[in-house]
Amino acid sequence: MYFPGTEELGADEMRVVSCGTGMPAARRGQAATCWLVQLGNGDNFVFDIGSGSAANLASLAIPYDSLDRLFLTHLHQDHVGDLIALWIGGWTGGRHRALHVWGPSGEKPELGTKHLVESMKSTYGWDYNSRLGVIPSAGGGLDVKEFDYRQENEIVYEENGVTIRSWPAIHAIDGCVSYSVEWNGLKFVFGGDTLPNKWYVKYAKGADLAIHECFMPPNLMMEKYGFSPQAALNVATRVHTVPAAFGDVMNRVRPRMAVAYHFFNDFDTRYPIEQGIRLVYDGPLTMATDLLAWNITKDDIRLREVIVDEAAWPTPSGKPPGEATPSDKVPFSDFITNGRLDVSETLDPLLKQFKKEHGLD
Ligand SMILES: [Zn+2]
Ligand SMILES: [Zn+2]
């Protein structure tokens, strides 16, 4: 078992944590897609931020300052639903700088990552404005770097010995990608959502950990979701990758460890899905669920459950907390200001005491 906050990552080591492995329909026990990659050089990278995943990410004893680099595979709700939670929640939880978001373009500008991020900022304008001048403004920054979804194994990030590349994925409509992270001779691959495709087989080669979606087969879609046979077939085979096809892909890639995700991992779904994979693929395999940790070195891949504090508080970054800029404050109207109740007789002595204790004027 891995207890966050109790173990230093080795200088040559990579740790991957599943923070969401489920489905678009919300489930208390299994969040939607999110993967954390931690490197021995101190870098952290977040891949997708599906609904419910921000709480898992927050339980890993990592300061929000170090969770400021997010890479999106595509813009489905189960991959971006907690973006607002990471952006605003991370800001109030102590992030001192902007959240940086990388993601693919779409076929049209309004279907791309830039549009999603910028329109989210405008949609949540009330929230953003309400915090200015109250807490330090810098953590409310949101920076988006959109790249061409058609690029094939091109670099989207290169810093501090880390190279992140993207290539196209085939899923729902144009505008989906897969990523690799290469560092220190180790390679992490995250396919996002995709049908089996030629790019993944080509560019995931040499992966130490290769994650690819593995969807429920059509019979389980009918049984668990109440789909008709045709609708089940559509979703399972024209949008997603069924277990045997996942096995086929991994049989071609032959990673050190294959990871199947994107199914509700229950006692009665896991084994039929695994059987489908094993029709074709006999290599190392993890059937992912939330809060598993893979520690990867050149010699070993160690898989453990992550035991988290259900009531974790934000982890301090060790930096001074910073100050709000009073001039950033959006003022109340006179109408609202005039509604304030005068409680100064009660409050003034308490404020005086607090200011005296903390050296404030
Ligand atoms: Zn999707
Ligand atoms: Zn998905």
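**Exercise 1.** State which strands helix 4 lies across, and its angle to strand 6.

Solution. Helix 4 (residues 113–123) lies across strand 5 (99–104) and strand 6. Helix 4 runs at about 160° to strand 6. Contact here means C-beta atoms, placed from the backbone, within 7 Å. Axes are lines fitted to C-alpha atoms, for helices over the stretch in contact, with angles from 0 to 180 degrees between N-to-C directions. Helices (H or I, at least four residues) and strands (E, at least two) are DSSP runs numbered from the N terminus.

This is a predicted model: local features need pLDDT of at least 70, side-chain atom pairs count only at pLDDT 80 or more, and totals for chains, interfaces and linings use all residues. Residues are numbered from 1 along each chain as its sequence is written, while chains are lettered from A and ligands numbered from 1 in the order in which they are written.

**Exercise 2.** Give the strand order of the open sheet and its edge strands.

Solution. The order of the 8 strands is 6-5-4-3-2-1-14-15, with mixed pairing. Strand 6 (142–147) and strand 15 (301–305) are the edges, each pairing on one side only. From one strand to the next, the twist averages 20°. Pairing requires at least two DSSP bridges between two strands. Strand 3 (residues 44–47) and strand 4 (residues 69–71) run parallel, joined by 2 bridges; Phe 47 has Phe 71 as its bridge partner in strand 4.

**Exercise 3.** Find what covers the buried residues of helix 9.

Solution. In helix 9 (residues 243–253), the buried residues include Phe 246, Val 249 and Met 250 (buried: 20 or more other C-beta atoms within 10 Å of the residue's own, placed from the backbone). Their cover includes helix 6 (198–203), strand 11 (209–213), strand 12 (257–261) and helix 10 (267–278).

Terms used:
Contact = placed C-beta atoms within 7 Å. Buried ≥ 20, exposed ≤ 12 C-beta atoms within 10 Å, placed from the backbone.
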